[in-house]
Amino acid sequence: MCGIVGYIGKKPAYPVIINGLKKLEYRGYDSAGISVVDDKVKTYKCKGKIADLEKHIKGKDLNGVIGIGHTRWATHGEPNDTNAHPHKSQHGHFIIIHNGIIENYARLKNKLTEKGYKFNTETDTEVLANLIEHIYLKGKVSAEQAVRLALRKVIGAYGLVIICADEPEQLIAARKGSPLVIGIGEDEYFIASDATPIVEYTKSVVYLNDNNIAIVTKSELSLKTIGNNILTPKIQILDLDIGEIDKGDFEHFMLKEIFEQPRSIQDTFRGRISRERNTIHLGGLHKVMPKLVNARRIIIIGCGTSWHAALIGEYLFEEFARIPVEVEYASEFRYRNPVIHIDDVVIVISQSGETADTLAAVNQAREAGALVLGICNVAGSSIPRETQGGVYTHAGPEIGVASTKAFTAQVTVLTMMAMLIGKKRFILDEKKYEKFITELLRIPSKIEEILKNNDLYKKIAGLYVNSNNFIYLGRGYFFPVALEGALKLKEISYIHAEGYPAAEMKHGPIALIDENMPVVVIAPQDDSYEKIVSNIQEVKARGGIVIAVVNKGDKTISEIADHVFEVPSTVLALAPLLTVIPLQLLSYHIAVKRSCNVDQPRNLAKSVTVE
Ligand code: G6P
């Protein structure tokens, strides 16, 4: 969701804040604003992207060594200049930036209105600013006390950074359900909603936990609970390289991230697979392995692309480990009183490790007594901290809003887990296990081969740039790939696309097929090859256009389909890692040709930290 940056120290705050906001823009980009402090607090904000904010503040007074900045993804109130953050309290004592939702804002607003407060915006954040101010003025308490007391009245989620105009030598940060990390420099501190704006200045960071409040001056960080218990900050060292958050020579982050997949997959199995000993070692599962191996059921939970990876996990675990699997959308799981047993294992998948619904599902499953494991990409994020074990994906920072390399890294982790458990349960024999390891290690070079055909994907994209609809079909392991291909297209090109199990086409989508309908079929050779060939013929018989992803050298489909994207062959269970690549690139090129903002598609945010 929204991106937050704060700085307090000895250098001019504005460059730190504006550069930080640019790094966080993938989290939200409908409006932005900053406040800088010297002898007074100066606030500038406007609708639009960070570049619009830069234009808006050109030539204005930006002096100050303390500041906060915000890039917004609207929840309450339309994206406009007024609703942009920072928000000032009515009498100007408090200036706030906020990520999250204050759920009881309407009730709080009514009470404050009765007390004479007037509201200029439609945001829940302004309500919070006024609530803090009301407590501050009425109770004659310090800014910190006012914030702590106000937050005890708040229901909802927040990551906050607050300036008190009367105590301008400090920033107050607080977290519940919405991430905040504090970077520690020399006589300076950085606050941000993730580490990307901080890493170029310092690698020493403190992650705030829920219900933590930090009072930061240029020389001191003091950490407390909202209930005023003093905490010792736990300093962690970031394992993040500044080069990883740069576009390099690529036109977009998404393209860079697609092309990074050979490396990100390799990084995901580096140190975990031993070619010499033919072993898989996943350190984060070591302690929980007995429970995992004896699980009565595995429930895999995620949202968006992570949910698609979860679906592939279902096929993998059922095939290799013979453990029944259910796959759940986090938002559905948490609100429908699911039956969870203590011998169930819940695996949550999340690139960011911060998705609000997924995090809530973690807590629900833990309360029910299940073992809860995480597959996440962002080290130190909330889900890895709340789960009892898990495996990091090591894909490196993913900035493009549409997930690509995180997806293939998630599938790589699920594959390693399924093989490891399958081996321990004696389902997967030594020979098969060795074959899979060998094949998995070959995946990065096979992806390199697929990436070499980028010009072909670009050319075919050009032919369908004006299509209004697409259908994606696949069977078995390739059904989730079809869903993911369709999602990629929807997200970045705004073309309506549906993913379907190929056999389900006859039960509805076939009615949509005509000469204007491109149908992407994921059809590498497998046990159901003959059946998918029939499905392709059914599409062709109705005039549809078929773009097929096939194994290299495929003759049958090449003759019927309008276009084919060849991928090297591999064992069936690993083929999703290959077949998804041409679909990512097809969507990418269609979106570019439609002049869409590929890295920041409209209405979307990279990390959805509200329900
Ligand atoms: C958002 C992003 C998607 C992502 C989903 C789940 O919708 O735009 O790319 O798949 O959230 O995010 P997570 O971080 O939990 O994987």
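**A tour around the ligand**

Select the ligand to begin: it sits in the second largest pocket. A pocket here is an open set of points on a 1 Å grid over the protein atoms alone, where a 1.4 Å probe fits, with protein on both sides within 12 Å along at least five of seven lines; sitting in it takes more than half of the molecule's atoms within 2 Å of its grid points. This is a predicted model, where local features need pLDDT of at least 70 and side-chain atom pairs pLDDT 80 or more, while totals for chains, interfaces and linings use all residues. Residues are numbered from 1 along each chain as its sequence is written, and side-chain values use heavy atoms, without hydrogens and water.

Next, show the shell of 14 residues around the ligand (a heavy atom within 4 Å). S306, S350, Q351, S352 and T355 come nearest. Helix α9, residues 304–320 (a DSSP run of H or I, at least four residues), gives the most to the shell, with 3 residues.

Now look at the polar contacts (N or O atoms within 3.5 Å). A polar side-chain atom of S352 is 2.6 Å from a ligand oxygen, a backbone N or O atom of Q351 is 2.7 Å from a ligand oxygen, and a polar backbone atom of T305 is 3.0 Å from one. The protein covers 91% of the 390 Å² of accessible area that the ligand has on its own (Shrake-Rupley, 1.4 Å probe).

Two backbone stops remain. Then go to H85 and P86: the peptide bond joining them is cis, with omega near 0°. Most residues other than glycine have a negative phi, and most peptide bonds are trans.

Technical notes
A polar contact is a pair of N or O atoms within 3.5 Å; within protein, one must be able to donate a hydrogen and the other to accept it, and residues adjacent in sequence count only if both atoms are side-chain atoms. On a 1 Å grid over the protein atoms alone, a cavity is a set of points where a 1.4 Å probe fits but cannot get out, and a pocket is an open set with protein on both sides within 12 Å along at least five of seven lines; lining residues have an atom within 4 Å of a point. Helices (H or I, at least four residues) and strands (E, at least two) are DSSP runs, numbered from the N terminus.
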